[in-house]
Amino acid sequence: MIECQRHLFDIPEEVSYFNCGYMSPLLKASTEAGQKALLRKSNPWELTPKDFFTDSDRFRELAAELINSAPQDIAIIPSASYGLAIAAANIPLTRGDEILVLEDQFPSNIYCWQRAAKESGATIITVARPEDRNWTQAVQKHITPRTAVAALPHNHWADGGLINLIQVRQQLDQSDAKLVLDVTQSLGAMPLDVQKVRPDFMAVAAYKWLLGPYSVGFMYAAPDFQNGIPLEENWLNRAGSEDFAGLVNYQEDYQPGAVRYDMGERANFAQLPIMIAALEQLLDWGTDNIQATLRARNQALANELIDIDLTSVPTEYRAGHFLGLEKEGGFPADILSRLADEKIFLSQRGDSLRITPHLFNSDQDFDRLISSLKQHLK
């Protein structure tokens with residue numbers, strides 16, 4: 001269990017923010033790093049060719065450490081949808097193939113597959129939300145010899161419903177099917193080891209559980225897919241780009257590994273220092289410890305709310321950093337605005353009142369939330 005880390009964030013004492021699944025606040029260290037980085041552009045004569053590589057290399061190293069991969073397996077991308085589009089463009093599909101997705105899955109991991117299916121003649125198979133909340137078993141029941149791709153999250157974005165990716169991967173192996181993940185709602189708060197899960201592609205946006213800025217993320221590409229076609233052709237992802245004087249000696253070869261998939265202007269002098277500070281802090285805390293802490297806090301919260309008939313996905317089928325509260329008959333239409341008036345912030349996704357805390361939440365925050373929900377929902 002990690003003690004409350006609110007002192008590392010700039011959150012007013014009267015604000016109770018339970019909405020990391022929407023957008024995380026920045027660490028003070030990240031804000032400071034970003035301010036310094038932004039000011040560098042005021043003096044561009046101090047930026048050297050080496051600076052186009054230093055921060056991106058460090059970002060790649062930290063991202064690789066987080067997921068237990070090699071740095072060259074990491075591509076720097078602006079969004080999860082960018083990485084997922086790369087996956088969809090590089091996994092061959094033919095007529096009769098099936099692509100598995102979840103019911104009410106986040107759109108970024110749907111639209112690219114709809115296009116791929118339309119172009120190839122493949123079929124989208126949607127796994128319905130299971131009544132027993134066991135997404136793992138539900139997905140496994142839909143894997144057949146026709147399954148070509150399972151495009152999945154680690155947990156559902158609405159209520160935290162969890163998928164055992166290792167079990168799913170093992171079954172996909174029987175059909176030589178590919179696994180493509182959007183882990184935007186899990187990575188940073190929940191451990192993921194790509195050596196065990198073995199995704200073919202995995203994309204993540206950084207502005208939620210990675211505590212990063214908007215418009216930055218990274219993609220993991222398995223070694224078998226590191227010779228694919230990038231979405232864009234830019235000078236930085238080509239071989240020899242370190243030699244600025246020789247850039248007009250156009251190169252056919254790319255930089256090694258997943259670097260070929262990097263977005264244009266990946267050096268991103270203002271944003272990458274923010275990301276580096278965030279990843280360093282997450283690694284210092286440890287995602288195992290973050291998950292254990294948030295799981296305990298959310299379970300204690302769920303237990304406190306049973307007496308006003310609020311239920312949630314059972315613990316064994318739910319990611320610990322999520323708590324999707326449900327109420328028979330639904331919630332008042334203005335429940336979020338009522339809570340916001342009291343400076344308590346959370347989200348509603350589908351039928352769930354989604355509570356996604358982080359280490360910045362104090363005992364006082366949880367007490368205020370419990371008191372307010374009991375007042376408004378009794």
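What is the volume of the largest pocket?

## Largest pocket

The largest pocket has a volume of about 430 Å³. A pocket here is an open set of points on a 1 Å grid, with protein on both sides within 12 Å along at least five of seven lines, and a lining residue has an atom within 4 Å of a point. The model is predicted: local features need pLDDT of at least 70, side-chain atom pairs count only at pLDDT 80 or more, and totals for linings use all residues. Numbering runs from 1 along each chain, and side-chain values use heavy atoms, without hydrogens or water.

The lining comprises 30 residues, with Phe 106, Ser 108, Thr 184, Tyr 207 and Lys 208 nearest the centre of the pocket. At least two lining residues come from each of helix 3 (80-90) and strand 5 (147-153); helices are DSSP runs (H or I) of at least four residues and strands (E) of at least two. By class, 13 residues of this lining are nonpolar, 13 polar and four charged.

## Second largest pocket

The second largest pocket holds about 300 Å³ of space. Of its 18 lining residues, His 154, Ile 163, Asn 164, Leu 165 and Ile 166 lie nearest the centre. Helix 5 (135-141), helix 6 (165-173) and helix 7 (194-197) each give two or more residues to this lining.

## Surface residue Tyr 214

Tyr 214 lies in the loop between strand 7 (201-205) and strand 8 (217-221). Tyr 214 counts as exposed because its relative accessibility is 51%, the cut-off for exposed being over 50% with a 1.4 Å probe and protein chains only.

Key:
Buried means under 20% relative accessible area, exposed over 50%, partly exposed in between (1.4 Å probe, protein chains only). On a 1 Å grid over the protein atoms alone, a cavity is a set of points where a 1.4 Å probe fits but cannot get out, and a pocket is an open set with protein on both sides within 12 Å along at least five of seven lines; lining residues have an atom within 4 Å of a point. Grid points are joined across faces, edges and corners, and a volume is the space filled by probe spheres set on the points. Ala, Val, Leu, Ile, Met, Phe, Trp, Tyr, Cys and Pro count as nonpolar, Asp, Glu, Lys and Arg as charged, and the others, Gly among them, as polar.
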